[in-house]
Amino acid sequence: MKEDMYSIKMRAVRKEKHISGAERIISEKEIEVLVQQLTARALGHSKGKPDFINITIQNIGNQAIEYIAPLNIATITVDDYFKGRECAIKALQKSGLSCKTSQAILNMLKTCNTMRGAILLDIHSLERLEPDENRGVRVTNIDWSFKIKEDLEKALEKKGLNNNHVKEAVALASKVSNAPGIVAELCWSDDPDYTAGYVASKDVGYMRITKLKPLGDSTGGRVFCFDSSKTSIEECIEYLQKKVTLIHKIPMIKD
Ligand code: PML
Ligand code: MG
Ligand code: MG
Ligand code: MG
């Protein structure tokens, strides 16, 4: 019999603002260790001590899990965030977006901070499509399969990329690029001490860019670019939030 799987989610809040969040999909025997890890993470966040930490453990049973392949990883090293943003625009264009749309997407992230979820943007009208704009669309039910976690960490370690930002962002971006109607994603972290970000799409893979904002800046978040001529927004949101997805392969990692 297949064993039950559990979704464990952590969320930490300070002065009513989101400071940290994470999710794992694991088996029962891993729950205790994960509770410890996620608690430590919430308490040690660069955005300060949380007023409350919420950890939720949900038995998701042995429902059909979708196993997906990861996007391959490449890193572009830039001297400053101006260059980084030029690279991001080019990568968005390579993913099929016009210059004007790519610029609009970038401008949107410049004014974004402490949103729990992502902006979902219609690439034709440039309108936001999330049902609740303060919250955004939160991608959940995504993780690396525990069977490959050790090998994944070794592969990332070799390239100096074995950290939570990268591991979680690649998993999330791989699910997002697989969602109905999504053509590309732009992200940089809202953590003031983490300046890297990425453009992700089927065309460019997971393209990391080492600087997309100045150090100390707490803007950031995610914009998912949605092609409304392909499918309905409901179908896309349903997939992003509900479908339980695990990544079953190690990504290729270019220098
Ligand atoms: C985040 O941690 O909030 C997003 C991280 C994005 C960049 C990750 C990377 O270095 O590849
Ligand atoms: Mg976050
Ligand atoms: Mg798609
Ligand atoms: Mg963060």
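Student: How far is the sulfur of Cys99 from the closest cysteine sulfur, and in which residue is that one?

Tutor: We're on a predicted model, where local features need pLDDT of at least 70, side-chain atom pairs count only at pLDDT 80 or more, and totals for chains, interfaces and linings use all residues. Numbering runs from 1 along each chain as its sequence is written, chains are lettered from A and ligands numbered from 1 in written order, and side-chain values use heavy atoms, without hydrogens and water. A disulfide needs two cysteine sulfurs within 2.5 Å. Cys99 is too far for a bond, because its closest cysteine sulfur sits 14 Å away, in Cys225.

Student: Then which cysteine has its sulfur nearest to that of Cys187?

Tutor: Cys187 is in no disulfide either, and the search of the whole structure turns up zero. The nearest sulfur to Cys187 is 9.9 Å off, and it belongs to Cys112.

Student: What kind of ring pair do Tyr81 and Phe82 make?

Tutor: There are two aromatic pairs in the whole structure. Rings of Phe, Tyr and Trp (its six-membered ring) pair with centres within 6.5 Å, and planes under 30 degrees apart are stacked, over 60 edge-to-face, the rest tilted. For Tyr81 and Phe82 the centres are 4.4 Å apart and the planes at 25°, so this pair is stacked.

Student: How accessible is each of those two, Tyr81 and Phe82?

Tutor: Tyr81 falls in the partly exposed class, at 21% relative accessible area. Phe82 counts as exposed, and its relative accessibility is 54%.

Student: Which residues line the second largest pocket?

Tutor: A pocket here is an open set of points on a 1 Å grid over the protein atoms alone, where a 1.4 Å probe fits, with protein on both sides within 12 Å along at least five of seven lines; lining residues have an atom within 4 Å of a point. Among the residues lining the second largest pocket are Lys9, Met10, Arg11, Ala22, Glu23 and Asn54.

Key
Buried < 20%, exposed > 50% of the residue type's maximum accessible area, 1.4 Å probe, protein only.
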